[in-house]
Amino acid sequence: IAGPASVWNIYYGGGGTGYYLAIQFGALIFGILVLLLTPRSRMKTPLVFLGLLFYVGAKILESNDRAVYDALRGISGHSLKHVSATLGLWAILRGTEVEE
């Protein structure tokens with residue numbers, strides 16, 4: 001909901017890109033905050049770092065959309081960006097789960 005709302009805001013809500021940028025980089029900021037604020041004894045640090053790597057990979061895929069599309073013959077970097085970002089968020093959330 002937040003992603004499409006941020007794009008709607010650019011076209012119909014005054015044209016500001018601040019909300020869009022907050023959504024785009026929110027996961028990265030979230031991951032960094034998790035690393036800084038979660039007690040080390042409760043965090044599975046490698047999973048959190050893996051999540052951040054997936055997020056960086058998502059940004060790389062997005063910025064190389066056409067080259068990825070041409071190389072994979074029909075699968076765009078934009079599409080793979082969504083997969084990578086989802087895996088990144090999953091890894092961050094799994095890496096910060098409290099185990100009983």
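In this predicted model, the side chains of Glu62 and Lys59 form a salt bridge, with an N to O distance of 3.1 Å. Both residues belong to helix α3. They sit three residues apart, so about one helical turn separates them. Glu62 is partly exposed, at a relative accessible area of 25%. Lys59 is also partly exposed, and its value is 22%.

The side chain of Lys81 meets that of Glu62 in a salt bridge of 3.3 Å, N to O. This pair links distant parts of the chain. Lys81 lies in helix α5, which covers residues 77-95, while Glu62 lies in helix α3. The two are 19 residues apart. The relative accessible area of Lys81 is 10%. Buried means under 20%, so Lys81 counts as buried. Glu62, at 25%, is instead partly exposed. Together, Lys59, Glu62 and Lys81 are linked in a network of salt bridges.

Another salt bridge joins the side chains of Asp70 and Arg66. Here the N to O distance is 3.2 Å. Both residues are in helix α4, which spans residues 65-72. They are four residues apart, so the separation is about one helical turn. Asp70 is partly exposed, with 44% relative accessibility. Arg66 has a relative accessible area of 55% and is exposed. In total, the model has three salt bridges.

The nonpolar side chains were examined next. The largest nonpolar core consists of five residues. Its members are Val34, Leu35, Val48, Leu52 and Ile92. Helices α2 and α3 each supply at least two residues of this core. Helix α2 runs over residues 18-37, and helix α3 over residues 45-63.

How values were computed: Residues numbered from 1 in each chain as written. Predicted model: local features only at pLDDT ≥ 70, side-chain atom pairs only at ≥ 80, totals over all residues. Heavy atoms only, no water. Core = buried A, V, L, I, M, F, W, Y, C linked by side-chain atoms within 4.5 Å. Buried < 20%, exposed > 50% of the residue type's maximum accessible area, 1.4 Å probe, protein only. Salt bridge = Lys/Arg side-chain N within 4 Å of Asp/Glu carboxyl O.
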